[in-house]
Amino acid sequence: MEKQNSTPSGSAFSDYVHKPGQSERRLFIALLALFGVLSSVLLLLLYIVPYYGYGRISPHLPFLMGALSAIFGLALLGSLGLLAIVVAVGHDVPFSRKLRSVAMKVLLPVLIVVGRLAGFRREEVQHAFVAVNNELVLAHCRNGSPPRTILLLMPHCLQDSDCQVKITHRVENCKRCGKCRIKDLLTLSEQYGVSLAVATGGTVARRIVIDRRPDLIIAVACERDLTSGIQDTTPLPVYGIFNERPFGPCLNTQVAIDRVESVLKEFCSLRQG
Ligand code: SF4
């Protein structure tokens with residue numbers, strides 16, 4: 001079967017996955033700033049355009065509407081600024097935790113639109129989102145909330161497409177033939193004492209999370225599933241790792257096992273410490 005390069009950055013992909021950090025953080029903060037500027041201009045226009053109409057209704061209405069627009073604008077800019085500080089310092093600051101939780105749920109679609117206006121592809125914004133999320137999850141666990149229970153959540157497309165073994169309900173059914181990464185993931189789950197589950201889609205993944213109630217999820221998936229999974233499970237921390245798709249989407253996908261192991265090792269060291 002011919003290989004396709006469907007990963008977002010071609011040959012730089014593995015570097016991108018292995019070294020989340022400054023570039024994603026800068027992109028995320030730049031998009032927050034751009035969103036702040038655009039929404040301020042929009043608020044100003046929404047106030048200025050009907051300004052004279054307000055005056056005909058009541059002489060006090062222009063001032064009232066101006067005050068409301070200013071309060072809304074300041075609240076929005078304050079929230080974006082606080083979020084930018086959290087991303088810049090890499091951990092929560094006072095009043096930021098609840099805000100971060102809300103932002104993770106609602107901000108991504110807005111940042112994708114803002115990113116497009118600035119010439120960034122959807123996948124670049126999604127990678128920045130996941131990298132920033134990962135840093136914050138790691139910082140959250142390092143700063144007093146180490147996970148006791150960890151779930152490795154994998155997509156079904158990691159399984160070899162010719163394999164007849166049913167692993168979605170019970171991953172231990174795997175015969176460990178080594179044709180796909182499920183064998184290595186099983187070994188890791190046993191070695192580090194964490195649970196492993198394979199999901200066929202978002203609904204099944206949500207059910208697994210509800211059933212097992214882990215403190216932390218280390219999830220492998222494509223851009224779309226990973227970002228929507230992080231948004232769905234907030235405030236439950238999800239550390240995301242993108243899969244690799246040498247044969248195109250959803251078929252015999254791959255994951256860097258050494259990357260999964262290093263992340264697992266880091267979280268387990270916190271758990272033991
Ligand atoms: S490692 Fe397990 S899941 Fe993968 S092909 Fe072999 S038996 Fe099937």
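# A tour of the predicted model

Start with helix α2: its buried residues are Glu 24, Leu 27, Phe 28, Leu 31, Leu 32, Phe 35 and Gly 36. Keep in mind that this is a predicted model. Now select all of α2, residues 22-48. The helix has 27 residues. From first C-alpha to last, α2 reaches 39 Å, close to the 39 Å expected at 1.5 Å a residue.

**Zoom out.** Show the whole protein chain. There are 10 helices and 4 strands. Trace them along the sequence and the pattern reads α-α-α-α-α-α-β-α-β-α-β-α-β-α. The C-alpha trace spans about 80 × 45 × 30 Å along its principal axes. Of the 273 residues, 31% count as buried. Take the contacts with a separation of 6 or more: residues 24 or more positions apart account for 64% of them.

**Colour by domain.** Select 10-138 for domain 1 and 146-272 for domain 2. Their C-alpha centres lie 30 Å apart. The contact between them takes 15 residues from domain 1 and 16 residues from domain 2. On the domain 1 side, pick out α1 (13-18), α5 (96-117) and α6 (122-142); each supplies at least two residues. Helix α6 gives the most to that side, with 7 residues. By class, the domain 1 side divides into 7 nonpolar, 6 polar and 2 charged residues.

**Go to the ligand.** Select the 14 residues around the ligand. Asp 160, Cys 163, Cys 174, Cys 177 and Cys 180 come nearest. The shell has 7 nonpolar, 2 polar and 5 charged residues.

**Check the backbone at Arg 176.** This residue is found in the loop between β1 (150-155) and α7 (182-192). Is Arg 176 buried or exposed? Arg 176 counts as exposed because its C-beta neighbours inside 10 Å number 12, and the cut-off for exposed is 12 or fewer.

**Move to Pro 235.** Look in the loop between α9 (223-233) and β4 (238-242). A cis peptide bond joins Thr 234 and Pro 235. Omega there is about 10°.

**Finish at Asn 252.** Select the loop between β4 and α10 (257-272) to find Asn 252. Asn 252 has a positive phi of about 45°, although it is not a glycine. With 19 C-beta neighbours inside 10 Å, Asn 252 counts as partly exposed, because a buried residue needs 20 or more.

Technical notes. Residues are numbered from 1 along each chain as its sequence is written. This is a predicted model: local features need pLDDT of at least 70, side-chain atom pairs count only at pLDDT 80 or more; totals for chains, interfaces and linings use all residues. Two residues are in contact if their C-beta atoms, placed from the backbone, lie within 7 Å. The expected span of a helix is 1.5 Å times one less than its number of residues. Domain bounds come from an automatic or database domain assignment. Ala, Val, Leu, Ile, Met, Phe, Trp, Tyr, Cys and Pro count as nonpolar, Asp, Glu, Lys and Arg as charged, and the others, Gly among them, as polar. A residue is near a molecule or strand if its C-beta atom, placed from the backbone, lies within 6 Å of it.
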